[in-house]
Amino acid sequence: MGCEKIRCGGKALARRIVLTSGKGGVGKTTVAVRLGMRLAAAGARVVLADADFGLNNIDVVCGLENAGPFDVADVVLGRCRPRQALVPFPGRANLFVLPSGRAAAEHPVSPQALRLVFEQLSPRFDYILIDSPAGIGSGFHRAAAAAGEALVVTTPHVSALRDAARVLAVLQSYRLQRVDLVVNMVRADMVAGGEVLSPREIAAALRVPLIGVIPQEDGVFLGEEGGAARKAFRLLASAVAGGPCKVYEPAARGLFGGLRRAFGRRP
Ligand SMILES: Nc1ncnc2c1ncn2[C@@H]1O[C@H](COP(=O)(O)OP(=O)(O)O)[C@@H](O)[C@H]1O
Ligand SMILES: [Mg+2]
């Protein structure tokens with residue numbers, strides 16, 4: 001125990017980053033997992049914390065449902081230590097999932113309790129990526145209150161943008177060191193065709209720094225996506241890690257994409 005403290009004493013604490021959005025289905029869980037995988041691949045020690053209580057998104061989509069004996073509620077209730085609740089991500093040495101599958105049903109977890117769990121894990125990790133539920137209800141509050149930074153995830157669609165704006169306004173009342181925007185499910189043809197705003201236009205309209213752009217691509221969740229999404233996640237991870245903030249530039253392919261680019265956008 002004493003040794004542990006000395007070893008951890010000089011180490012910076014993990015960055016606690018909540019992934020949030022107003023609307024569901026925009027890709028929070030996907031972006032959290034893929035970003036976590038990339039950060040871990042670059043050598044960072046990462047916890048993917050499921051704060052979407054009850055829906056146990058992350059462990060299910062990672063194929064880790066009921067993989068560990070404990071979850072975050074067990075930690076809060078003192079049944080285990082935070083590290084014991086972590087489930088190793090298959091094939092990734094530095095990546096762990098903190099599940100919450102039973103948390104909602106069994107025991108309400110307060111924002112303070114969740115924050116404490118993260119603080120206890122912090123000295124041993126570089127990142128705690130907190131996957132939050134959609135909306136701005138109590139689940140959102142719990143996740144945001146336990147975080148130090150936020151990544152707001154949106155798609156370019158109008159309904160998602162409206163909800164992202166609402167979330168950004170609410171996030172101002174939290175003491176976050178930074179809030180950045182990830183635009184997910186970007187289709188180059190729709191941007192080029194003027195059917196949706198470009199990620200940069202979205203960031204300007206929402207007045208938030210753009211840190212990542214992820215194209216819409218099949219297989220994105222499983223890491224079976226093609227080169228474009230892979231590159232996009234690599235750029236996002238690098239920007240999150242403090243590298244140059246270079247975002248993926250969607251380029252419409254094929255003759256029609258080229259023509260649209262050449263002749264500009266529809267009014
Ligand atoms: N960039 C993308 N391209 C294609 N499909 C995506 C992309 N991002 C997410 N999806 C899919 O959209 C659905 C919702 O994503 P999810 O991450 O569960 O959203 P949320 O956590 O915000 O509810 C999932 O089926 C996921 O595989
Ligand atoms: Mg989700």
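Which residue in E7 is the bridge partner of Ala 150? Keep that question in mind while you get your bearings. This is a predicted model.

**Stop 1: the whole chain**

Show the chain as a cartoon. The chain has 267 residues, and 49% of them count as buried. Now think about contacts between residues at least 6 apart in sequence. Of these, 76% join residues at least 24 apart.

**Stop 2: the sheet**

Select the strands. Eight of them form an open sheet, in the order E3-E4-E2-E5-E1-E6-E7-E8. The pairing is mixed. Look at the edges, where strand E3 (87–88) and E8 stand. Each has a single partner strand, so one side of each is left without a neighbour in the sheet.

Next, select E6 and E7. They pair in the parallel sense, over six bridges. Here is the reply to the opening question: Ala 150 has Val 179 in E7 as its bridge partner.

Two helices on the sheet come next. H10 packs there, touching E6, E7 and E8. Its direction makes about 145 degrees with that of E7. Helix H7 (residues 138–145) also packs on the sheet. H7 touches strand E1 (15–20), strand E5 (127–131) and E6. The direction of H7 makes about 155 degrees with that of E1.

**Stop 3: strand E5**

Zoom in on E5. How many of its five residues are buried? Five of the five are, and E5 is mostly covered. Show the side chains. Tyr 127, Leu 129 and Asp 131 point one way from E5. Ile 128 and Ile 130 point the other way.

E1 runs parallel to E5, and five bridges join them. In this pairing, Leu 19 stands opposite Asp 131. E2 also runs parallel to E5, again with five bridges. There, Leu 48 has Leu 129 as its bridge partner.

**Stop 4**

In soluble globular proteins, nonpolar side chains tend to be buried together.

Select Ile 130 alone and look around it. Leaving out residues up to four places away in sequence, its contacts include Ile 17, Val 18 and Leu 19. Ala 49 and Ala 143 are also among them.

**Stop 5: helix H6**

Select helix H6 (residues 111–121). Which of its residues are buried? They are Leu 114, Val 117, Phe 118 and Leu 121. Turn the view to look down the axis of H6. The buried residues fall within an arc of 95 degrees, so they line one face of the helix. An α-helix has 3.6 residues a turn, so residues three or four places apart point the same way. What covers the buried residues of H6? The cover includes E1, E2, helix H4 (72–76), E5 and H7.

**Stop 6**

Go back to H10 (residues 199–206). Its buried residues are Pro 199, Ile 202 and Ala 203. They cover an arc of only 95 degrees around the axis, which puts them on the same side of H10. They pack against strand E6 (149–154), helix H8 (158–171), strand E7 (178–186) and strand E8 (210–215).

Step on to Arg 207, in the loop between H10 and E8. Buried or exposed, which is Arg 207? Arg 207 is exposed, because it has 9 other C-beta atoms within 10 Å and the cut-off for exposed is 12 or fewer. Its phi is near 55 degrees, a positive value in a residue other than glycine. Most residues other than glycine have a negative phi.

**Stop 6: two loop residues**

Select Asn 66, in the loop between H3 and H4. Its phi is also positive, near 55 degrees. Asn 66 counts as partly exposed, with 13 C-beta neighbours inside 10 Å.

Finish at Leu 55, in the loop between strand E2 (46–50) and helix H3 (57–61). Leu 55 counts as partly exposed, with 17 C-beta neighbours inside 10 Å.

Key: Residues are numbered from 1 along each chain as its sequence is written. Chains are lettered from A and ligands numbered from 1 in the order in which they are written. This is a predicted model: local features need pLDDT of at least 70, side-chain atom pairs count only at pLDDT 80 or more; totals for chains, interfaces and linings use all residues. A residue is buried if 20 or more other C-beta atoms lie within 10 Å of its own, exposed if 12 or fewer, and partly exposed in between; C-beta atoms are placed from the backbone. Two residues are in contact if their C-beta atoms, placed from the backbone, lie within 7 Å. Helices (H or I, at least four residues) and strands (E, at least two) are DSSP runs, numbered from the N terminus. The arc is that of the directions from the helix axis to the C-beta atoms. Two strands pair if DSSP finds at least two bridges between them. Axes are lines fitted to C-alpha atoms, for helices over the stretch in contact, and angles run from 0 to 180 degrees between N-to-C directions.
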